[in-house]
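Please read the following report beside the sequence and the coordinates. It takes up the core, the sheet and then some individual residues.

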Amino acid sequence: MITPAFAQGTGAGSGADVALQFVPFVLIFVIMYFLILRPQQRRLKDHQNMVKNVRREDTIVTTGGLVGRVTKVADEASEIEVEIAPNVRVKVVRSMISEVRVKGAPVKAS
């Protein structure tokens, strides 16, 4: 039922055919790098820079949604002290800061 033309193979493939098959994978990786990985690395670098530059009297927002004023900052410490209400102070891990609003800065409209 199968004709001899279909039964015959195409022969040995050349090296160019194999290399051509990997081009789409390389293109997908390059696109993923520029659309996903590079912006994520930039956001991480900006966040680390923001957290490193937190000063006393800055108003911060934590990832949990608490808004408070920084009362104590130590350069080497991984924690800062934040006043969330009059005479109510809590310690916050620096990496949990999601936004820094400098003293007197207007609130962003959402």
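## The nonpolar core

Which residues make up the largest nonpolar core? In this predicted model, that core consists of 8 residues, namely Val51, Val54, Ile60, Val70, Ile80, Val82, Val92 and Ile97. As a general background, nonpolar side chains in soluble globular proteins tend to be buried together.

Ile97, one of the core residues, has contacts that can be listed once neighbours within four places in sequence are left aside: His47, Met50, Val51, Val54, Ile60, Val61, Thr62 and Ile80.

## The sheet and its order

The sheet is open and is formed by 5 strands in the order β4-β3-β2-β1-β5, with antiparallel pairing. Its edge strands are β4 (88-93) and β5 (97-101), each of which pairs on one side only, and from one strand to the next the twist averages 40°. In general, the strands of a sheet pair through backbone hydrogen bonds, in either a parallel or an antiparallel manner.

## Pairing around β1 and β2

Strand β1 (residues 59-62) is joined to β2 in the antiparallel sense over 3 bridges, and Val61 has Val67 as its bridge partner in β2. The hairpin of β1 and β2 has 4 residues between the strands, and within this hairpin Gly65 takes a positive phi near 100°.

Strand β1 also runs antiparallel to β5, to which 4 bridges join it; here Val61 stands opposite Glu99. Val61 therefore has a bridge partner in β2, Val67, and a residue opposite it in β5, Glu99.

## Thr71 and the β2-β3 pair

Strand β2 and strand β3 (residues 79-85) pair in the antiparallel sense over 4 bridges, with Glu81 of β3 as the bridge partner of Lys72. Thr71 lies in strand β2, which spans residues 67-73, and counts as buried because its relative accessibility, 11%, is under the 20% cut-off. Apart from neighbours within four places in sequence, Thr71 is in contact with Arg56, Glu81, Val82, Glu83 and Arg89.

## Met50 at the helix

Is Met50 buried, partly exposed or exposed? With a relative accessibility of 24%, Met50 counts as partly exposed, since this value falls between the 20% and 50% cut-offs. Met50 belongs to helix α2 (residues 15-52), and, with neighbours within four places in sequence left aside, it is in contact with Ile97, Ser98, Glu99 and Val100.

A further distance places Met50 relative to Arg94: their C-alpha atoms are separated by 9.9 Å, while the two residues are 44 residues apart along the chain.

Terms used: Residues are numbered from 1 along each chain as its sequence is written. This is a predicted model: local features need pLDDT of at least 70, side-chain atom pairs count only at pLDDT 80 or more; totals for chains, interfaces and linings use all residues. Side-chain values use heavy atoms; hydrogens and water are left out. Helices (H or I, at least four residues) and strands (E, at least two) are DSSP runs, numbered from the N terminus. Buried means under 20% relative accessible area, exposed over 50%, partly exposed in between (1.4 Å probe, protein chains only). Contact means heavy atoms within 4.5 Å. Two strands pair if DSSP finds at least two bridges between them. Axes are lines fitted to C-alpha atoms, for helices over the stretch in contact, and angles run from 0 to 180 degrees between N-to-C directions. A nonpolar core is a set of buried Ala, Val, Leu, Ile, Met, Phe, Trp, Tyr and Cys residues joined through side-chain atoms within 4.5 Å.
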